[in-house]
Amino acid sequence: MKDLTQVEPGEQKAPVMAPGHNYGTITDKISSIVLKKPVSKGWILGFLVCFVILQWMLYGITLLFFKGVGVWGVNIPIGWGFAIVNFVWWIGIGHAGTLISAILLLLRQSWRNSINRFAEAMTLFAVACAGMFPIFHLGRPWVFYWLFPYPNTMGYWPNFRSPLVWDVFAVSTYGTISLVFWYVGMIPDFATLREITDKKWIKYVYGMLALGWRNSARHWSRYETAYLLLAGLATPLVLSVHTVVSFDFAIGIVPGWHTTIFPPYFVAGAIYSGFAMVLVLAIPIRKFYHLEDFITARHIENSAMVMLATGWIVAYGYAFEAFMNWYGGDVYEGFVRFNRLHGPYAFWYLALLTCNLLIPQVLWFRRVRLNNFWLFMISMDILIGMWLERFVIVVVSLHRDFLNSSFGMYYPTQIDWAIFIGTLGFFTACMFLFMRLLPSISIFELRTLLPEAEAVVEAAQRTYAAGYRKIDAYSPFPIEELWEAIGFHKNGVAPVCLLGGLLGGTGAYLLQWWINTISYPVNIGGRPFHSWPAFIIVTFEMTILFGGLSAVFGMLVMNGLPQPYHPLFNVERFALATRDRFFIAIFASDAKYDLIETREFLQTLHPHSISEVPT
Amino acid sequence: MTPANHLNLEAPMGVRPIERRALTIGVVVGLASLILAFTEPDKFFHAYLIAFMAWLGISLGCMVFLMIYHLTGGVWGTVVRRPLEAGVRTIWFMAVLFIPIAAGMKHIYFWLNPANVASNKHLVDLTHSYLTQSGFIFRAVIYFVIWIGLSWLLLSLSATQDKPPVRNLSPRFRVISGPGLILYAFTVTFAVIDWVMSLSAPWISTIYGFIFIVGQCLAAISFIVIVETILIKYEPFSKVLKPKEIHDHGKLMLTFIMLWAYFSFSQLLITWAGNLPSEITWFTRRLYHGWEYVGLFLVLFHFAVPFALLLSRPLKRNPRRLVKVAIWLIIARYEDLFWSVEGNFRQSFFVTLPDILLPIALGGLWVWMYFRNLRQAPLLPLYAHHTQTLLESVHE
């Protein structure tokens, strides 16, 4: 007889949350950063430093607006320079946030719950930094809205065959969806903060932000569906954004830019640098705010492994770009290969290879992945490496292309540096404010990591079985069984989302077709007026945008939010619904409702307390 | 006592007839098509290359999923680890099936004939340095040595896990799988350059390797869904395979359909927009003279229709309905390879007898090999601690 009882223990994986926490301690620990702890000297000092750096950016921008892009180092042939390098770099960093949130939610990876919030915040601030540069680069930033298709007195429309127009749609969709995703994720936590704080005006602010959220099971049901749909839409959106950025280069025929691997290779590079930024922020934050219980070694190690994996996809890109460049035998492409290695920027190309390929290989060792100091240094190294990569792609390809007579050199000016370094200050200053003002870790999602409350589900089932139909249940976090128990099975969010997406996509395609073939047909490079391959990008982006917004607004409208006042809020104990207690409500409008009988029935459920709610 | 003792872990008798029939079909159709090798060698070898790439894709795709599973874990992989390993065990057999390609090279690769390349100086250089007959065969040997080596490492470690006591070999599997995936990605790309991309030398597309990689994964996961639909009727799969895992496999199919569409569309858009004579000709060959219908067919049936179907949650949880999509996708994978490879040889679209016979012949042999392999080991890696956890949850 085989002895199977002796099971060797599984691998010792670090837990996602340190032991000894319950719903209450999680709530207290995270909300205390925002509400209770005094502003520390370290925070003030750090914020001030960032704020000073931010002033440098404002100085640069002011000068830029007064004098024009001549204050930059851009010239002909290098028309793109730092502005586009920084744009691509920042938007790449903005990828990890939504990626962590959305993909890991879909993959049911519960370890995401403690890092998604600040990763999403990071995304937003990075996208804000990124979005500035193309607008400055327009030369006349105050008319940036010309990029959008709107009926105007100039009688012109955008050219939807240009990747630069796709970029406008991709980046603004990404910014909007990321913002909505982030905000929707915070609504239940705003409700928690609203109940915890003592100060009236703070209560007012968080109360408004919470839109009257009251943790009802019906609300949770719609909320969960909307959040999941948003995640499902955001995942392809993340990939599409850097894909469209790569099209800015690959659609043209400049040697070194025109290569088909650019989309996945840019996306991998973006995730690579995005996770590096996550670690650069997470390592100090968990240390200074003592969040080691929630951001554990497991999070840090997993992020390091994602960097290793995406780093190898980037390496694959370098390798096959170089190999096929030789194999294909194009003279100009061959020159790019030569020029990168032996031209005036060769040092930076080699530095990029060292930073991106060579040094991160130490991540193969577990000891390095678990050492916070070295991991921080490697993440910094990757951030530098990825910036250099964009610099090499933009500058080295442009400075020597087809004609010897149009060769040139690029020298960034002081203003170039001021604006670039300044965005770093802007980004970190925003992060400092975020850490102080908003719950930096998702409180309600951390609650779901703890064992669930079965008592309330049972009580709800009994209430439903007793014949009550106009009932609701309240819990500090979503419990699927709970809304099933009160007889709420179909929430209607998904059809709204589908309808919105279809309308958005169809509308976008028709709009592009009408603009570029009927209203404003312009022959550009001999391409057909009706260029369906080119129209797919904006169609895709608008499908996601309208689908996502429909899901969120549909959820809010069906939940009857915003509704800042609700009679239930008059019950003092009800504040605990946002913390660690569960409630069941039977509405007076129920057919079976009778003040005395219902009270007696509720007594049989053994509650802590029963309250009558005056309307 | 553990619940595992009650389970019958041998491959069910129900798969024996499949094995026999597959062998019969493989041998009979194979012999029939062999006649064509002598009467119409060109058409025979072109079709052979496509069929070979199609079935090799499933073997290698199984290895990719196995390594991904070892790196990430998850019940979706624990249940189908043995079906995946049976696919990995066919890789050596694909090396045998490669011999006819090496033997019939001159019928497939135009660059072997100096007269064909003389007009292009770069091609002359290339056929002296990289695209040479000996280089081609030498590199093929290297690819297969690496793939067989990887499969041997994975399978032998798995075999040691079939003996008690229960132990956790995941760290050792991970040491193989991490570098293994990188090795796979690089070698398969070089292989695809040699075997397929060189048909239109010196045309290049740097995303070409990725398109094949996701294609192989899509074919493999579709095949696994077919296998699990057969096995779910019998123990142990009737006990351990839950709608949740089938749902996960359906999601993987959906993911790889989307990735395939993403990569293929990116390649089209970048090439179309650049419109360079050296690149766009690859597409113009494949978008006129009847080929455009094959292309349209791919857009609709390799992407749009299966994509829309797989969005449905009930479909992904129902193996009977999911398997129809899976069978369809295997056929669509073949269409994609056909469009990609045969587009080099034929000005206009038509189908010949070898195009139909050879995928069936190779498929018969491959499926026979696969189910034979499935019998070599218990259907669940019993002494892996993941399996123990799984069985405990089943027992509850």
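The following exercises, each with a worked solution, concern a predicted model.

**Exercise 1. Helix packing in chain A**

Determine how helix α3 (residues 81-93) and helix α14 (residues 372-399) of chain A are oriented to each other, and which residues form their contact.

*Solution.* 
1. Two packed helices are described by the angle between their axes and the distance between the axes.
2. The axes of α3(A) and α14(A) come within 9 Å and cross at roughly 140 degrees.
3. Angles over 145 degrees count as roughly antiparallel, and those from 65 to 115 as roughly perpendicular. α3(A) and α14(A) are therefore oblique to each other.
4. The crossing of α3(A) past α14(A) is right-handed.
5. On the α3(A) side, the contact consists of A:I84, A:V85, A:V88, A:W89 and A:G92. Their partners in α14(A) are A:M386, A:W387, A:R390, A:F391 and A:V394.
6. Sorted by class, this contact has 8 nonpolar, 1 polar and 1 charged residues.

**Exercise 2. Backbone geometry in loops**

Locate the cis peptide bonds at A:P77 and A:P562, and describe the setting of the positive phi angles at B:N275 and B:H289.

*Solution.* 
1. Most residues other than glycine have a negative phi, and most peptide bonds are trans.
2. The bond from A:I76 to A:P77 is cis, with omega near 20 degrees. A:P77 belongs to the loop between α2 (41-67) and α3 of chain A.
3. The bond from A:L561 to A:P562 is also cis, with omega near -5 degrees. A:P562 is situated in the loop between α20 (532-558) and β2 (583-586) of chain A.
4. B:N275, although not a glycine, has a positive phi of about 55 degrees. Its place is the loop between α12 and α13 (277-286) of chain B. Because B:N275 has 13 C-beta neighbours inside 10 Å, it counts as partly exposed.
5. B:H289, not a glycine either, has a positive phi of about 55 degrees. The loop between α13 and α14 (291-310) of chain B contains B:H289. With 14 C-beta neighbours inside 10 Å, B:H289 counts as partly exposed.

Note on methods: Residues are numbered from 1 along each chain as its sequence is written. Chains are lettered from A and ligands numbered from 1 in the order in which they are written. This is a predicted model: local features need pLDDT of at least 70, side-chain atom pairs count only at pLDDT 80 or more; totals for chains, interfaces and linings use all residues. Axes are lines fitted to C-alpha atoms, for helices over the stretch in contact, and angles run from 0 to 180 degrees between N-to-C directions. Helices (H or I, at least four residues) and strands (E, at least two) are DSSP runs, numbered from the N terminus. Angles under 35 degrees count as roughly parallel, over 145 as roughly antiparallel, 65 to 115 as roughly perpendicular and the rest as oblique. A crossing is left-handed if the near helix is turned anticlockwise from the far one by less than a right angle, and right-handed if clockwise. Two residues are in contact if their C-beta atoms, placed from the backbone, lie within 7 Å. Ala, Val, Leu, Ile, Met, Phe, Trp, Tyr, Cys and Pro count as nonpolar, Asp, Glu, Lys and Arg as charged, and the others, Gly among them, as polar. A residue is buried if 20 or more other C-beta atoms lie within 10 Å of its own, exposed if 12 or fewer, and partly exposed in between; C-beta atoms are placed from the backbone.
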